[in-house]
Amino acid sequence: QVQLVESGGGLVQAAGSLRLSCAASGFTFSRYKMGWFRQAPGKEREFVAAITQSGDTAYLVDSVKDRFTISRDNAKNTVYLQMNSLKPEDTAVYYCAASGSLRSNRHYSLPDAYDYWGQGTQVTVSS
């Protein structure tokens with residue numbers, strides 16, 4: 001049974017930091033590209049970050065590039081999103097997702113490039 005379980009969300013003041021974790025099980029984690037998306041109320045789900053299977057290449061949306069870092073630990077089947085200098089506009093539900101080889105021809109920033117999704121964790125940044 002495939003599971004992606006996010007944790008680490010919460011309420012933080014602007015300029016603060018949070019570290020999200022996503023623990024994976026039920027599939028061969030090291031063979032999957034991993035991504036983070038977010039969805040704010042009334043908005044579409046948007047790409048935040050992705051990382052290749054080995055962790056040697058990371059992609060981040062421009063709005064978070066200087067503030068967020070994505071990383072993974074294949075020994076722990078976990079992907080992380082370190083979020084610094086948080087802004088109120090970062091408030092959203094954050095989802096992790098896994099992309100396998102069958103969808104490798106789809107761009108990493110598109111939700112339909114991903115096979116599995118977590119249930120999401122709420123991040124709220126107060127001003």
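User: Happy to be looking at this one with you! How many disulfides does the count come to?

Analyst: Good place to start, and do keep in mind that this is a predicted model. C22 and C96 have their sulfur atoms 1.9 Å apart, and the cut-off for a disulfide is within 2.5 Å. The count comes to 1 disulfide.

User: How many residues apart in sequence are the parts that C22 and C96 tie together?

Analyst: Both C22 and C96 are buried, and their link is right-handed, with 40° about the S-S bond. C22 belongs to strand β3 and C96 to strand β9, so the pair ties together parts whose separation in sequence is 74 residues.

User: Thanks! Which elements give two or more residues to the largest nonpolar core?

Analyst: That core has 29 residues, and W36, F68, V79, L81, M83 and Y94 are those with the most contacts inside it. The elements that give two or more residues to it are β3 (18-25), β4 (33-39), β5 (46-51), β7 (68-73), β8 (78-83), β9 (92-99) and β11 (121-126).

User: Which residues does a second, separate core include?

Analyst: Let's look at this one through its aromatic members. F37 and F47 form one aromatic cluster with Y59, Y108, Y114 and W117. The second core has 6 residues, and those it includes are F37, F47, A97 and A113.

User: Is the pair of F27 and F29 stacked, edge-to-face or tilted, and what is the reasoning?

Analyst: F27 is buried at 13% relative accessible area, and F29 is buried at 1%. Their ring centres lie 6.5 Å apart with the planes at 50°. Planes under 30 degrees apart would be stacked and those over 60 edge-to-face, so this pair is tilted.

User: Is R67 buried or exposed, and which residue's side chain makes a polar contact with the side chain of R67?

Analyst: R67 sits in the loop between β6 (58-60) and β7. Its relative accessibility is 11%, and the cut-off for buried is under 20%, so R67 counts as buried. Leaving out residues up to four places away in sequence, R67 touches Q82, M83, N84, S85, L86, K87 and D90. The polar contact, at 2.7 Å, joins the side chain of R67 to that of D90.

User: One more, please: over the ring of which residue does the charged end of R45 sit?

Analyst: An arginine also lies over a ring elsewhere: R19 is over the face of Y80, at 4.0 Å from the ring centre. For R45, the charged end is 3.9 Å from the centre of the ring, and that ring belongs to Y95.

Definitions and conventions: Residues are numbered from 1 along each chain as its sequence is written. This is a predicted model: local features need pLDDT of at least 70, side-chain atom pairs count only at pLDDT 80 or more; totals for chains, interfaces and linings use all residues. Side-chain values use heavy atoms; hydrogens and water are left out. A nonpolar core is a set of buried Ala, Val, Leu, Ile, Met, Phe, Trp, Tyr and Cys residues joined through side-chain atoms within 4.5 Å. Buried means under 20% relative accessible area, exposed over 50%, partly exposed in between (1.4 Å probe, protein chains only). Helices (H or I, at least four residues) and strands (E, at least two) are DSSP runs, numbered from the N terminus. A polar contact is a pair of N or O atoms within 3.5 Å; within protein, one must be able to donate a hydrogen and the other to accept it, and residues adjacent in sequence count only if both atoms are side-chain atoms. Contact means heavy atoms within 4.5 Å. Rings of Phe, Tyr and Trp (its six-membered ring) pair if their centres lie within 6.5 Å; planes under 30 degrees apart count as stacked, over 60 as edge-to-face and the rest as tilted. A charge sits over a ring if NZ of Lys or CZ of Arg is within 6 Å of the ring centre and within 35 degrees of the ring normal.
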